Structure formats: C-alpha cells, structure tokens
Amino acid sequence: MVLVPGKPAVAPSILPWLEAPLRQALAHSQGHALLIHGPRGVGQFELARALAAAWLCEQGQAAAGATDPATPRRPACGHCRSCQMIAARTHPDLQLLVPEALQVTLGWSGSDDAADGEGGKSKAKPSRDIRIEAVRRAIAFSQQTSSRGGDKVIVMYPAERMNAASASALLKTLEEPPGTARLILASAAPQRLLPTVRSRCQSLRLPVPDTAAAAAWLAGQGGAEPERLLAAAGGQPLEALERLALGIDASLWRQLPAEVVAGRCAVLAAWPLPLAIDALQKLCHDALCVAHGAAPRYFAAETVPRGADPAQLWDCGRELLAAARHGEHPWNAALAVEALVQRLGRALQPGSARPAASGSTDSLRQSQGDRSDRLAGPRSGRLSTPHPIG
Ligand SMILES: [Zn+2]
C-alpha cells in the first residue's frame with residue numbers, strides 16, 4: 001500500500017495529478033455515493049480523503065451556503081476546525097473503513113476498526129478485509145445526527161476488501177443514505193465489487209497520471225531516474241514511491257534481468273512476495289514483447305534478455321500468474337521466489353525450446369507441485385485478494 005512518508009492525514013496541498021480530479025469531483029459529484037477507481041498507486045485513497053475533507057470543511061460550507069447550496073465546494077482550506085480535526089483523526093463526522101492491516105501504513109491507525117478482533121484485544125494477524133462489524137458500525141454512524149451540523153462522510157478503502165456479507169449489509173445505506181451522509185468507495189479493483197454496489201455509486205475513474213508531471217513529483221521525493229522508476233511501477237507514482245521506500249531503485253531494477261537469467265534470487269530476497277512475483281511477471285512480459293519485436297514496457301530495452309522462445313515464456317507467464325493469485329498466502333516466500341526465479345531464468349535462455357510433453361515442463365510442474373505442498377502454510381482458509389499486476 002502507498003504512503004507518502006511524513007504526509008499529514010489531510011494536507012492543504014494535494015498530489016499534483018489529483019488537483020483536476022478533485023475539482024471535477026467537487027463540481028459534479030452530486031450523488032450520495034461515489035466510487036473512485038483506477039490503477040493501484042495513482043491515489044484513490046488520497047483523493048477520497050481530500051474529497052471528504054472538502055465536503056466537511058466548514059469554511060467551504062460557509063462559502064457555499066452564503067451563495068447557493070448547489071455551488072460546488074472548494075478543496076479543504078486546511079485551517080478551519082473541521083480540517084484540524086481531520087488532520088488529528090478526531091473528526092466526529094468522518095468515518096474511515098480501512099482493513100486493520102492497512103491502517104498503520106496509511107497513517108490512520110487507532111480507528112474503530114482496530115476493535116474488530118475478538119474482545120478488541122485479539123493478537124490474531126491484522127485483518128486484510130473490511131469486516132462486517134466495521135460496515136455495521138459505519139451504517140449506525142450514518143444514521144446519527146451530524147455532530148458539526150454539516151455532512152457526514154464515510155470513506156471505504158480498498159472497497160473491494162468487503163466480503164459479500166459486508167457488501168450486502170451496505171446496500172440499503174448506499175441506496176438511501178440517511179440524512180446528510182455521503183459515502184466514498186475507493187478501489188483499484190472495482191470489478192471485484194458486487195454489481196449491485198457499483199450500480200448504486202456515481203463513478204469517477206482516475207487515470208495513470210501524465211508521465212512528466214509524475215516524474216517531476218517523484219524526483220522531488222528523492223527518486224533518481226524517476227522515468228525508469230515510473231516505468232517499473234507501470235506509471236503509478238505512489239507505487240514507485242513505495243518501491244523506493246523498500247530500496248527498489250532504478251539501479252536495482254536494471255540489474256534484475258541479468259540476475260534472473262543467471263538464476264540468482266538474492267536481489268529479490270528482501271522484497272515482499274507479491275512484489276517479487278510482480279517483477280518476474282513484468283520481466284516475462286517484456287521478454288515476450290521483445291521476442292515479438294515490440295518495445296518493452298517496464299524494463300530498459302538494453303536490459304531485457306533476447307532470443308528466448310515465446311512458447312516457453314507463455315508457459316512461464318501462466319505459472320507466474322498462478323503464483324500471483326496466491327502471492328499473499330503465507331508461503332515460505334524465499335523458497336517460492338527461488339523456484340520462480342529459476343523457472344523464469346530457464347525460460348529466458350536464448351533458443352530455449354518448448355520441451356516435449358513428457359519433458360522438463362511437466363517435470364517442473366510436478367516439482368513445483370511437490371514444492372507447493374512444502375511451501376503451503378498451515379492455514380487453508382480463503383485466500384487473500386491477489387496483488388494486481390500492472
Ligand atoms: Zn477547512
């Protein structure tokens with residue numbers, strides 16, 4: 001998940017590529033439920049937060065009320081009592097629904113959701129889902145009178161982390177929110193939301209920002225070779241910043257293809273498993289592009305291995321996709337990365353031909369199956385949501 005280090009909960013300034021979408025949302029979001037969606041790492045949560053702050057900003061409410069109630073709100077002033085309370089995470093008319101596992105990362109720890117564990121003191125692994133208890137609390141919140149006399153706002157992120165029961169519980173409130181309640185659902189995977197949820201929301205799509213603007217912002221965050229960092233992150237600047245915070249800079253990214261070809265996985269050892277699999281998928285994708293005479297998307301052209309057999313790459317890509325679907329499962333990450341690096345390393349060898357049906361691919365799959373048995377964690381419940389691949 002993305003976080004701008006040191007960024008306050010609500011900043012008077014907003015990420016530069018979000019200024020236009022914020023004004024668009026303030027001008028045109030007349031409904032009570034808004035779905036902000038787009039690729040991961042472009043700022044859905046940041047926009048949702050800025051929009052909530054603008055709706056709750058008391059200076060903006062006074063200005064709009066003094067003219068015409070239909071006058072579009074302005075971005076939050078950052079100074080009024082409401083803005084101060086949002087910055088302090090104490091605004092009584094704002095409720096944020098974020099999975100417990102994301103609260104610290106997003107700088108919003110200590111919300112009511114922390115009490116979702118059994119007895120409120122559970123030592124269980126923080127939940128990655130938006131639990132039905134949190135949704136029910138949000139519904140009750142929406143039914144209460146506004147504490148400050150203005151709107152009440154619920155922000156839900158990532159909205160696709162609601163399970164079916166949570167989403168069903170929310171439907172009536174989405175259909176007919178009580179009083180002045182407004183809901184903002186932010187999501188990088190809206191296709192995973194129930195159609196009945198999507199259909200009740202006004203939609204606002206966030207595109208991948210302009211490369212020049214995003215690169216300039218990333219350079220300002222201390223990122224060397226920002227264009228390369230952006231390409232590695234699929235053009236998503238917050239994703240690129242998150243990688244930088246993990247030590248994944250342009251130099252390391254440039255080394256990666258040669259390391260994989262050599263079957264060495266040390267460079268990936270410290271990466272979160274979903275990120276390591278994502279990198280291998282991107283390398284496989286780019287090698288396929290090069291094999292078909294197209295330009296690579298994520299890696300510098302001179303670093304992408306050439307001469308590999310496309311059929312081998314397709315096979316490998318399918319296996320990487322299957323691994324990505326389980327990328328947040330509590331596997332032994334080191335063993336998983338080692339197996340996948342060696343698999344892709346073989347597929348990237350020049351002139352590597354597709355083996356016969358009884359050949360090495362089947363053997364490999366058998367081997368991986370054996371290994372998966374060894375890698376599988378003790379828990380066998382529902383798998384976590386897969387990491388989206390840029
Ligand atoms: Zn304000």
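The conversation below goes through some features of a predicted model and the reasons for the words used to describe them.

Visitor: What makes up the protein as a whole, in helices and strands?

Guide: The protein has 16 helices and 5 strands, and of its 390 residues, 43% are buried.

Visitor: Why are helix 14 and helix 15 called roughly antiparallel to each other?

Guide: Helix 14, residues 310-325, and helix 15, residues 333-347, pack at an angle of about 165°, and their axes are 9 Å apart. Angles over 145 degrees count as roughly antiparallel, and the two helices are therefore given that name. The crossing in which helix 14 passes helix 15 is left-handed.

Visitor: Which residues of helix 14 and helix 15 meet?

Guide: From helix 14 come Gln312, Leu313, Cys316, Glu319, Leu320 and Ala323, and from helix 15 come Ala336, Leu340, Arg343, Leu344 and Ala347. Sorted by class, this contact of helix 14 with helix 15 has 8 nonpolar, 1 polar and 2 charged residues.

Visitor: What joins tyrosine 157 and proline 158, and where is the place of proline 158?

Guide: The bond between tyrosine 157 and proline 158 is a cis peptide bond, with omega about -15°. Proline 158 is in the loop that runs between strand 3 (152-156) and helix 7.

Visitor: How do you know that the buried residues of helix 9 line one face of the helix?

Guide: In helix 9, residues 211-220, the buried residues are Ala214, Ala215, Trp217 and Leu218. Seen down the axis of helix 9, these buried residues fall within an arc of 165°, so they line one face.

Visitor: What puts the buried residues of helix 12 on the same side?

Guide: The buried residues of helix 12 (residues 250-261) are Ala250, Trp253, Leu256, Pro257, Val260 and Val261. Around the axis they cover an arc of only 115°, and therefore they lie on the same side of helix 12. Helix 10, helix 13 (273-291) and helix 15 are what the buried residues of helix 12 pack against. Just after helix 12 comes glycine 263, with a positive phi of about 75°, and just after helix 9 comes glycine 222, with a positive phi of about 100°.

Visitor: Why does arginine 89 count as partly exposed?

Guide: Arginine 89 has 15 C-beta neighbours inside 10 Å. A residue with 20 or more is buried and one with 12 or fewer is exposed, with partly exposed in between, so arginine 89 counts as partly exposed. Arginine 89 lies in the loop between helix 4 (81-87) and strand 2 (94-97), and its phi is positive, about 60°, although it is not a glycine.

Visitor: What makes glutamate 225 partly exposed?

Guide: Glutamate 225 has 18 other C-beta atoms within 10 Å, and is therefore partly exposed. This glutamate 225 is in the loop between helix 9 and helix 10, and although it is not a glycine, it has a positive phi of about 50°.

Visitor: How do you know that leucine 321 is partly exposed?

Guide: Leucine 321, which lies in helix 14, has 14 C-beta neighbours inside 10 Å, so it counts as partly exposed. From C-alpha to C-alpha, leucine 321 and leucine 280 are 9.9 Å apart in space, and they are 41 residues apart in sequence.

Terms used: Residues are numbered from 1 along each chain as its sequence is written. This is a predicted model: local features need pLDDT of at least 70, side-chain atom pairs count only at pLDDT 80 or more; totals for chains, interfaces and linings use all residues. Axes are lines fitted to C-alpha atoms, for helices over the stretch in contact, and angles run from 0 to 180 degrees between N-to-C directions. Helices (H or I, at least four residues) and strands (E, at least two) are DSSP runs, numbered from the N terminus. Angles under 35 degrees count as roughly parallel, over 145 as roughly antiparallel, 65 to 115 as roughly perpendicular and the rest as oblique. A crossing is left-handed if the near helix is turned anticlockwise from the far one by less than a right angle, and right-handed if clockwise. Two residues are in contact if their C-beta atoms, placed from the backbone, lie within 7 Å. Ala, Val, Leu, Ile, Met, Phe, Trp, Tyr, Cys and Pro count as nonpolar, Asp, Glu, Lys and Arg as charged, and the others, Gly among them, as polar. The arc is that of the directions from the helix axis to the C-beta atoms.
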